[in-house]
Amino acid sequence: MEVASIKNIDNTTLYAEVIIPLALPLNYTWVVPQRFQETVQPGCRVEVNLGKNKRYAGVVKRVHHEPPDFVETKEVLNVLDAQPVVYEQQLRLWEWMARYYMCTEGEVMAAALPAHFKLSSETILVFNEEAGDDFTNLDTEEYLVAEALHIRRELRLPEVQQILDATHVYPVINRLIQKRICYVWEALKETYNPKKETYIALHPDYDSEAALERLLNEDKRLQRAEKQMQLLLAYLHFQRTEGEITKAELLKKAGATDAHLKGLIEKGILIAEKRTVDRIKGAAKQIEVNFELSSAQENALQEISDVFTSKNICLLHGVTSSGKTEIYIRLIERYLKAGRQILYMLPEIALTAQTIRRLEKHFGGHIGVYHSKFSQNERIEIWNKVKDGRVKVVLGARSALFLPFDDLGLIICDEEHDTSYKQMEPAPRYHARDTAIYMASLYEDCKVLLGSATPSLESYYNATAGKYGLVKLMQRYGDIAMPEIEMIDTRRYRSANDAENILTQPLREAIQAALNDQKQVILFQNRRGYTPYQRCSTCGWVPQCRHCDVSLTYHKFYNKLVCHYCGTSYPPVITCARCGNHDFIQKQFGTEKIEEALKEFFPDARTARMDIDSVKGKNAHHQLIQDFEQHKIDILVGTQMVVKGLDFENVSLVGILDADGILSFADFRVNERAYQLMEQVSGRAGRKHGKGKVLIQTSQMQHPVLLQVKQHDYTGLYENEISKREQFFYPPFSRIIKLTFKNKQKEVVRDAAQLFAGALSSKYGKYLTGPAEPIVNKVRNQYLMELLLKLPRSAKVLEQCKKDILYQVAVLHQEKRYKSVIVIPDVDGV
Ligand code: ADP
Ligand code: ZN
Ligand code: ZN
């Protein structure tokens, strides 16, 4: 017999379901005491007790009259916000993300909210040095804490508790943060803060020569202050000879003290301003604000508008340099005029100062840039402005979709194929493109435009199936030809000298020709090329797994070929299945080797390397881009990083050094990725002045993907790939959930994964692949195992399977041996 679940209703007591920034399996409920009943509402933060003496600021999800079963409820201690910090839509987005990406709403909340909003017993408050020591506008309690902070610089919340009456701590802290007296310390984020420095400038009153002359010759205030006069003259000298100058540089070079400078500032002669160090200072380019769309662009824009009358999502497939950005700008203008908010998402690394300035020029104060590496103050400012609608256009990386939009009308997801839209670590492991599509459904009549020169198979599939609209823009702006692509057959130029293998003779000649022409060169080498695999040195064939359609990796220790998807192992190959030869190679070269080769052949060229190792930190990346833009570098050797959104005018040659390496990733998406990579890298060539040239070194002259790249034949690639995906039941025909098991002990993690697979197999047997060791099988002293579920696209099956997985995790953790095994689900991983 089925028991109807009738909720108890208790009309006299008000309850609040609260999201706490932790990985709790479900949200807990607190009682709202009488005195807060008027103020508490969904989206507000409340202070609650958890366990004995842990306190948190949680976000109210729902207020209601249903007493929770079995548990004793405690009271909400304080309500921290008079107005909600997030809207209903954010709460629903968090809920969806938690459910879809198999994490908790608390984890989503922790990722979504800026640090300012997150208070807990672990919080450390840091005194804001810029606040000074003028505490006159604080009340008594605020003053007590501010003073303690001023002296100690840092306070933990329990320490604040000792200063104040325990019931007031969170509200007081909250006000101090709002008044910018202190901020919340965040271990990771603070170290990434963009560098801020105080710059000195002349007050605009003295901009004209005449005014300046009067100041120097007639101003009584200066004639009485000799040291200040000297400092001013020093400033003027440096400003003329070196341009911008920071406060620190000026004082040092002029041998002056802070007091002298302060004097000049108080007199209104100089000004000091704290600024983010402008990383591309001096590289300012003329930005075209009043551009006209070409007729092809105009048509595309019209088609997009037509799509939006009947569909909410549109894919813009526009070749590299076709002028997609200009179309976005026109579209944004339109939504802006209608008073709507717009989110323009880009992959983090494409969010260059160049793009930002381009949009700022157009939209001025309407635009906000949101970036996980911005300081807390910058982020909170944008947060607030988005929330009350002052900022209409947000330009940001994936985390920008957490902003509290009130009236979102358009989301643009540029470079929608980019894998960095997927967050890998930590939870929520979400895909920003897919999340954005869900998010749009939460707002009235909100449209999504996906843009790419090389769309993901998923999006293109959805577009051809009619789920999304499809608009094509197949010519480059300004009648520039698509880059000409040629292949170099590495088999013909094999040499005993490694450097000559890395840079074959035709490539060397082309580099030399470019250098002679004062042009620049980009050489591309894939970082993932380090994965060991066997490859026929004659025809380039790489052995594949029979079950997975994935390249096999070579395990030297076992002398075996292994599929890291399903774990099947094979003996090493002796005879090539394609050409019958017996000569296999396992070696590859990295970017450093390439630099050495360049030194050998082009000792006078200025070369630089751009990869994860050479550009630690964001500034190094910007610095390199700037140097390249200013032609301080002739040849740039790089990995994926060189691909993203760079618009270099002077590049006439792009070399792809090892296409075979790119084409042999052990991944079912290998061809899609290879095409995207090569097409995007090629797109860097000859964007403005004349035709660019791309040279691809390969031993597989007839490889279908290379032929497609050569013809810029995306649809050819799509047709081939989509039928293979269907055959092997890969996305978009299935949905993949990957489970990663982690433990310090290899046997434990292996057994746990086996056990887990066994438990799922009765119900999901035919959808299971693995468990198997990933290519990198040990990370930070933890051994890894992976289990793959390829599930049908039915929402019902997915939902149920996620439930079953979470249940099995709980079962696994019941056993003592597996208690410490970490299980990480990843949905739609890339
Ligand atoms: P995509 O994003 O499609 O690769 P971009 O939007 O970067 O292409 O455009 C390529 C180049 O052409 C840029 O330098 C851009 O400023 C220029 N461009 C594109 N459309 C126009 C236009 N309508 N008027 C002037 N310049 C344009
Ligand atoms: Zn062969
Ligand atoms: Zn396999």
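The model is predicted: local features require pLDDT of at least 70 and side-chain atom pairs pLDDT 80 or more, whereas totals for chains, interfaces and linings use all residues. Residues are numbered from 1 along each chain as its sequence is written, chains are lettered from A and ligands numbered from 1 in written order, and side-chain values use heavy atoms without hydrogens or water.

**Zinc ion (ligand 3).** The SG atoms of C545, C548, C563 and C566 are the protein donors of this ion, at 2.3 Å. Donors are N, O and S atoms within 2.8 Å of the metal (3.2 Å for Na, K and Ca); water is not among the atoms, so sites may look incomplete. The arrangement is tetrahedral because the 4 donor atoms subtend angles of 105 to 115°; for four donors, this class requires all angles to lie between 85 and 135 degrees. Along the chain the donors follow the spacing C-x2-C-x14-C-x2-C. Helices (H or I, at least four residues) and strands (E, at least two) are DSSP runs numbered from the N terminus.

**Zinc ion (ligand 2).** C536, C539, C576 and C579 coordinate this ion through SG at 2.3 Å. Angles of 103 to 114° among the 4 donor atoms make the arrangement tetrahedral, and the spacing is C-x2-C-x36-C-x2-C. C536, in strand β21, and C576, in the loop between β24 and β25 (584–585), are 40 residues apart; both are buried.

**Ligand 1.** Of the 17 residues around ligand 1, E292, Q297, S321, T325 and E326 come nearest. Helix α13 (residues 324–337) supplies the largest share of the shell, 3 residues.

| Protein atom | Ligand 1 atom | Distance |
|---|---|---|
| E292, polar backbone atom | nitrogen | 2.7 Å |
| Q297, polar side-chain atom | nitrogen | 2.8 Å |
| S322, backbone N or O atom | oxygen | 3.2 Å |

Taken alone, ligand 1 exposes 560 Å², of which the protein buries 84%.

**D489.** This residue belongs to strand β19 (residues 484–489) and is buried, with a relative accessible area of 14%. Beyond its neighbours within four places in sequence, D489 is in contact (heavy atoms within 4.5 Å) with T698, S699 and M701.

Definitions and conventions
Tetrahedral: all angles 85-135°; square planar, octahedral: opposite > 155°, others 65-115°. Buried < 20%, exposed > 50% of the residue type's maximum accessible area, 1.4 Å probe, protein only. Near = heavy atom within 4 Å. Polar contact = N/O pair within 3.5 Å; in protein donor to acceptor, adjacent residues only side chain to side chain. Areas by Shrake-Rupley, 256 points an atom, 1.4 Å probe, with all protein chains shown as cover.
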